[in-house]
Amino acid sequence: MSRVPTPHNAAEEGQIAKTVLMPGDPLRAKFIAETYLENVTCFNTVRNMLGFTGTYQGKPVSVMGHGMGIPSIGIYSYELFNFYDVDNIIRIGSAGALSDDLELKDLVIAMGACTDSNYASQYQLPGTFAPIASFVLMQKAIEEARKKEISVAIGNVLSTDVFYNANKGANDAWKSMGVLCIEMEAAALYMNAAKAGKNALCILSISDHIYKGTQLSSQERQLGFKNMIEVALGII
């Protein structure tokens, strides 16, 4: 019995490319498909988690939303890796900066993803797993950014389960360990990729700075993510 379609994804076999770009917002997936891709078809509208396949400079690529948080990206990326035979997932999303060296719209490549989530407990490992990016994808992204003369910060990020944190000292603690910024999904994506023997990368654009108190408007987020999207498309 075929494992596709799934309860969350209406795509049939062969409708999703080997490389998938995943923003959190499904409307951003739609924007990317309409703005950058050719020969676009929509393969998913279930739960409005829009997914599209097309070509970019002649190469097949898909783009699909993953929602907010580790449980959500955990489901969608697991199905893509294990049921749809996707080889590469590149998360493109926003993050809140911790590092004093970061400014709004700066790009961050998540070399590693710390987390306060219990997601890894399912693997019953005799220790603590360190979720890291695929070196091949990360290297390509760095080279693409340099080619486009876009500066990037490369290092550890935090994938948190908590947007409104009752622990007011949590950000200070992570910052003291050199964590660059906070987001909510990369760790699960990296773990799913590791377990499936596939490749994953998270590229982030800074939308607000937790310590400087600066933030982008919704419209600025849409326009300010151009560099991130183009770096990701450049490595497919």
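This is a predicted model: local features need pLDDT of at least 70, side-chain atom pairs count only at pLDDT 80 or more; totals for chains, interfaces and linings use all residues.
**Close-up views of the largest pocket and selected residues**

View 1. The lining of the largest pocket divides into 12 nonpolar, 12 polar and 9 charged residues. In total, 33 residues line this pocket, and those nearest its centre are Ser 94, Phe 163, Ile 182, Met 184 and Asp 208. The elements that give two or more residues to the lining are β5 (88–97), α4 (170–176), β8, β9 (199–209) and α6 (218–224). Strand β5 supplies the largest share, 5 residues. The space in the largest pocket comes to about 990 Å³.

**View 2. Surroundings of Met 184.** Met 184 is located in the loop between β8 (181–183) and α5 (186–196). With a relative accessible area of 18%, Met 184 is buried; the cut-off for this class is under 20%. Apart from neighbours within four places in sequence, the residues in contact with Met 184 are Gly 69, Ile 70, Ser 159, Thr 160, Asp 161, Val 162 and Phe 163. Met 184 is also one of the residues nearest the centre of the largest pocket.

**View 3. Glu 185 and its polar contact with Arg 91.** Glu 185 lies in the loop between β8 and α5. This residue is buried, at a relative accessible area of 5%. The side chains of Glu 185 and Arg 91 make a polar contact at 3.0 Å. Not counting residues up to four places away in sequence, Glu 185 touches His 66, Gly 67, Met 68, Gly 69, Ile 70, Ile 73, Arg 91 and Ser 159.

**View 4. Asn 9 in the segment before β1 (19–22).** Asn 9 is buried, and its relative accessible area is 1%. A polar atom of the Asn 9 side chain lies 3.0 Å from the backbone nitrogen of Ala 11. Leaving aside neighbours within four places in sequence, Asn 9 contacts Ile 16, Phe 43, Asn 44, Met 64, Glu 79, Leu 80 and Tyr 84.

How values were computed. Residues are numbered from 1 along each chain as its sequence is written. Side-chain values use heavy atoms; hydrogens and water are left out. Helices (H or I, at least four residues) and strands (E, at least two) are DSSP runs, numbered from the N terminus. Buried means under 20% relative accessible area, exposed over 50%, partly exposed in between (1.4 Å probe, protein chains only). Contact means heavy atoms within 4.5 Å. A polar contact is a pair of N or O atoms within 3.5 Å; within protein, one must be able to donate a hydrogen and the other to accept it, and residues adjacent in sequence count only if both atoms are side-chain atoms. On a 1 Å grid over the protein atoms alone, a cavity is a set of points where a 1.4 Å probe fits but cannot get out, and a pocket is an open set with protein on both sides within 12 Å along at least five of seven lines; lining residues have an atom within 4 Å of a point. Grid points are joined across faces, edges and corners, and a volume is the space filled by probe spheres set on the points. Ala, Val, Leu, Ile, Met, Phe, Trp, Tyr, Cys and Pro count as nonpolar, Asp, Glu, Lys and Arg as charged, and the others, Gly among them, as polar.
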